[in-house]
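Subject: Handing over the structure

Hi,

Here is the structure I promised you. Have a look at it first, then read on for what turned up.

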Amino acid sequence: MTTTGEQTGPQQGALPGMPEPLWGGSPSKLLAFLDCPRRYRMSYLDTPRPVARGQRAHTSLGSSVHNALRDWWDAPERTPEAGGRLVEKAWIDVGFRDAEQSRRWRARMRDAVTAYLATSGPVQRPVGIERTVSFVSDDLRIQGRIDRLDDRDGELVVVDYKTSRQVSTEDDARTSLPLALYAAAVWKMFRRPVRRVELHHVPSGTVAAHEHTGESLGRHVERARSIMRDARRADADFARHGAESTMFPPVTGPLCGWCDLRAHCPEGQAAAPEKPGWAALED
């Protein structure tokens, strides 16, 4: 999923008597605060934003596949082979160890997309392709862009493409906060129940799905609201104290080796050595 409409930098203060403004953002913004408040601050509040490291190879791979699957719907011939050719056309050659690694993964993903479209791909044009969705619930506003929205015999289904080497599971689909929030947004926008969410793991051609209920979606929305309230308090403290605020501690561990902002975080640098840009694709 792609996020849109993010607001960064300090927000203007409210005038006396004004209602508290909505806190807006994407599921990625919520999870950034939950995972590491320090990274959240650097990504969404610091001005100017600290310079991030260059794009990694697995990000280039994922963007290439998403772009190919998006453009496939407007191809002159919607065949699996045409999807594979679009991967080669859309390939982003950034972050790889060398030209040989890039070439090898381009061929792998060309074959993977071809196989995916032949076995697990949609049979009719979706209702939405990379469609922006949003909803407001009290003081929470969520907005983002979903990979695909299907209409299957009158039932709307939220689809998210995955390209990591780890195969998605049904538990991943059940616990995914972004998928649940996007289902809730589609439900509100279309005024039709949306219960099924799916993770399509393109490299393996597998589909991990979960059937939500209105109650389970409501629990995810409340979880998002809880994270938002903590983030809002931290935002307000940042507005008063700036970088001296103590509400943005780093959460350190092995994942610090992958952080794109680790150059600005001494604690993260001490926690784990930096992973090279192509490390996620190493055999």
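Does Asp153 count as buried or exposed? At 85% relative accessibility, Asp153 counts as exposed (exposed is over 50% relative accessible area, buried under 20% and partly exposed in between, with a 1.4 Å probe and protein chains only).

Before the rest, some housekeeping. This is a predicted model, where local features need pLDDT of at least 70 and side-chain atom pairs count only at pLDDT 80 or more, while totals for chains, interfaces and linings use all residues. Residues are numbered from 1 along each chain as its sequence is written, and side-chain values use heavy atoms, with hydrogens and water left out.

Back to the backbone. Most residues other than glycine have a negative phi, and most peptide bonds are trans. Asp153 has a positive phi, near 55°, and sits in the loop between β3 (140-152) and β4 (155-162). (Helices are DSSP runs of H or I with at least four residues, strands are runs of E with at least two, and both are numbered from the N terminus.) Arg191 isn't a glycine either, yet its phi is positive at about 55°. You'll find Arg191 in the loop between α7 (177-190) and β5 (196-201), and at 75% relative accessibility Arg191 is exposed too. Then there's the cis peptide bond from Thr47 to Pro48, with omega near -5°; Pro48 belongs to the loop between α2 (37-44) and α3 (57-71).

Next, a helix pair. The axes of α1 (residues 27-35) and α8 (residues 214-241) come within 10 Å and cross at roughly 65°. (Axes are lines fitted to C-alpha atoms, for helices over the stretch in contact, and angles run from 0 to 180 degrees between N-to-C directions.) The two helices are therefore roughly perpendicular, a word used for 65 to 115 degrees. Who touches whom? Leu30, Phe33 and Leu34 of α1 meet residues of α8 including Arg223, Ile227 and Met228, where contact means heavy atoms within 4.5 Å.

Cheers

Methods
Angles under 35 degrees count as roughly parallel, over 145 as roughly antiparallel, 65 to 115 as roughly perpendicular and the rest as oblique.
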